[in-house]
Amino acid sequence: MTNSPEHERVLELQDHIIGTQNVAEFLERLSIMAAEALSRESSSKIECGVTLKRRKRTFTVAGSSPRAVHLDEIEQSIGEGPCIEALRVKAPVLLGNVDTDPRWPAYREALAAEGCRSTLGVPLEIGENAAAALNFFATSTGIFTPDIIQEASEFADIAEGAVRLAVRLGTAQSLAEDLTAAMESRTSIDLACGVIMGQNRCSQAEAMAILTKVSSNRNQKLRVVAEEMLSNLAGGDIRTHFDPS
């Protein structure tokens, strides 16, 4: 009997769970699988980031590529966009064109600067106290057709069970560590944006655009750029502080 594509995906995800040491590694493999699946269906290059939500906070924890992680971090730093909205409404949310969609102006401006023209956020329910979302990115408009959105939703439905299983198989501590690291990263970026706003008397959106431009020019993660900037101001190593509640 020939296995269905859905069954094959379940088996592949289960193999990934067995072969990984922590949640972050598993989610990275999951994001690669998701990006490859949608790229095949659309015949276009699509990248994927993974966002986790715990209580009221969202954090980038994995991506199919460094660029995918970077693009996902932009949304989490700004605090609004289709992925965050998808987590709120518990349904896929499309940003089909960064030039014409009126929502999330700061986020659209930052995406345009990175050459990303459209995004799709698809939620995953993984438990009472946590949720996740797949954040898909394309360099062109018109990529996320109804068929591609349906494909992304079906992939997310399959992935939900695998993510829950990964957490239940003793990776709770790793998840907590991943979330803590992400919270510290977010704090550094927010602080750096605040410094830029004060120095340049500009808006938060303009400060984020400046930070992302430096990140892109240096080919460094936003977090690294932010931490280096804050370290230079402080004259040495810095430590971020946050309220985990």
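Colleague: In helix α4 (residues 82–89), how many residues apart are Glu-85 and Arg-88?

Modeller: This is a predicted model, in which local features need pLDDT of at least 70 and side-chain atom pairs count only at pLDDT 80 or more, while totals for chains, interfaces and linings use all residues. Residues are numbered from 1 along each chain as its sequence is written, and side-chain values use heavy atoms, leaving out hydrogens and water. Helices are DSSP runs of H or I of at least four residues, and strands are runs of E of at least two, numbered from the N terminus. Because Glu-85 and Arg-88 both lie in α4, about one helical turn separates them, and their spacing is 3 residues.

Colleague: What is the N to O distance where the side chains of Glu-85 and Arg-88 meet?

Modeller: Side chains of opposite charge can pair when their charged atoms come close. A salt bridge requires a side-chain nitrogen of Lys or Arg within 4 Å of a carboxyl oxygen of Asp or Glu. Glu-85 is partly exposed at 22% relative accessible area and Arg-88 is exposed at 58%, where buried means under 20%, exposed over 50% and partly exposed in between (1.4 Å probe, protein chains only). Their salt bridge has an N to O distance of 2.6 Å.

Colleague: Which residue forms a salt bridge with Asp-99?

Modeller: Asp-99 is exposed, with 53% relative accessibility. The closest N and O atoms of its salt bridge are 2.4 Å apart. Asp-99 sits in the loop between β3 (93–95) and α5 (105–113), and its partner in the loop between α5 and β4, so the pair ties together parts 18 residues apart in sequence, and that partner is Arg-117.

Colleague: In which helix does Glu-228, the salt-bridge partner of Arg-218, lie?

Modeller: The closest N and O atoms of Glu-228 and Arg-218 are 3.2 Å apart. Glu-228 is partly exposed at 34% relative accessibility, as is Arg-218 at 48%. Since Arg-218 belongs to helix α8 (residues 204–218), the pair ties together parts that are 10 residues apart in sequence, and the helix of Glu-228 is α9.
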